[in-house]
Amino acid sequence: MTVRVIKHAGNPAMESVEDPSMTVYADAPPRWVTLPPNLGGERRAVQESWVGPCPCGRVHQVQHLSLGDDVHVAECAIVGGFAWYRPQQCTSCDRVLKMGHVVWLELSFKTNEYHRDGEVPEDESQGLFPFGVRCARKAVRR
Ligand SMILES: [Zn+2]
Ligand SMILES: [Zn+2]
């Protein structure tokens, strides 16, 4: 049976959509999530869930859901909201990177090589690019 609920960030109790007087508790991640109207409002299947650093900027671990390659969501109890964020793709292999598994490398247009953040003189920098941990290691080894 599928139970549709309204989830408030940071609150384990959820209201049933069909019967608002009913409170639902779930310890497993949901299988479907409805996007907010400004993101299209469509229903998305949950692809993956994990616990990782929160995008709110304060250092704490939160639950993340992947709703596809273009939108991930994290539930932040500190801000009391859901953080809808666009996942980064690895510059080298195009793999979608999980929050907290992104390594930013700086590209020098002088050498056309990637370096660790801060190792490129400012007037030679093309900016920072996201990499997966393994690809980043490969990219800077040269
Ligand atoms: Zn947070
Ligand atoms: Zn990669």
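In which loop is Asp94 found?

Reply: Happy to. Please keep in mind that this is a predicted model. Asp94 is found in the loop that runs between β10 (88-89) and β11 (96-97). Its phi is near 70°, which is a positive value in a residue other than glycine.

With 8 other C-beta atoms within 10 Å, Asn112 is exposed.

β12 and β13 run antiparallel and are joined by 4 bridges, and Leu107 stands opposite Tyr114 in β13. The open sheet has 3 strands in the order β13-β12-β14, with antiparallel pairing. Its edge strands are β13 and β14 (125-131), each of which pairs on one side only. From one strand to the next, the twist averages 40°. Helix α1 lies across β12, β13 and β14, and runs at about 30° to β12.

Now for the nonpolar residues. The largest nonpolar core has 7 residues in all: Cys90, Val103, Leu105, Tyr114, Phe131, Ala136 and Ala139. Leaving aside residues up to four places away in sequence, Cys90 touches Arg95, Leu97, Pro130, Phe131, Gly132 and Cys135. Another core, of 6 residues, lies apart from the largest one and includes Leu67, Val73, Ala74 and Cys76.

Finally, let's step back to the whole chain. The domain assignment gives domain 1 (1-86) and domain 2 (88-142). Their centres, taken over C-alpha atoms, are separated by 30 Å. Across the boundary, 7 residues of domain 1 are in contact with 4 residues of domain 2. On the side of domain 1 that touches domain 2, strand β6 (residues 48-53) gives the most, with 3 residues. By class, that side of domain 1 has 4 nonpolar, 2 polar and 1 charged residues.

Methods
Residues are numbered from 1 along each chain as its sequence is written. Chains are lettered from A and ligands numbered from 1 in the order in which they are written. This is a predicted model: local features need pLDDT of at least 70, side-chain atom pairs count only at pLDDT 80 or more; totals for chains, interfaces and linings use all residues. Helices (H or I, at least four residues) and strands (E, at least two) are DSSP runs, numbered from the N terminus. A residue is buried if 20 or more other C-beta atoms lie within 10 Å of its own, exposed if 12 or fewer, and partly exposed in between; C-beta atoms are placed from the backbone. Domain bounds come from an automatic or database domain assignment. Two residues are in contact if their C-beta atoms, placed from the backbone, lie within 7 Å. Ala, Val, Leu, Ile, Met, Phe, Trp, Tyr, Cys and Pro count as nonpolar, Asp, Glu, Lys and Arg as charged, and the others, Gly among them, as polar. A nonpolar core is a set of buried Ala, Val, Leu, Ile, Met, Phe, Trp, Tyr and Cys residues joined through C-beta atoms within 7 Å. Two strands pair if DSSP finds at least two bridges between them. Axes are lines fitted to C-alpha atoms, for helices over the stretch in contact, and angles run from 0 to 180 degrees between N-to-C directions.
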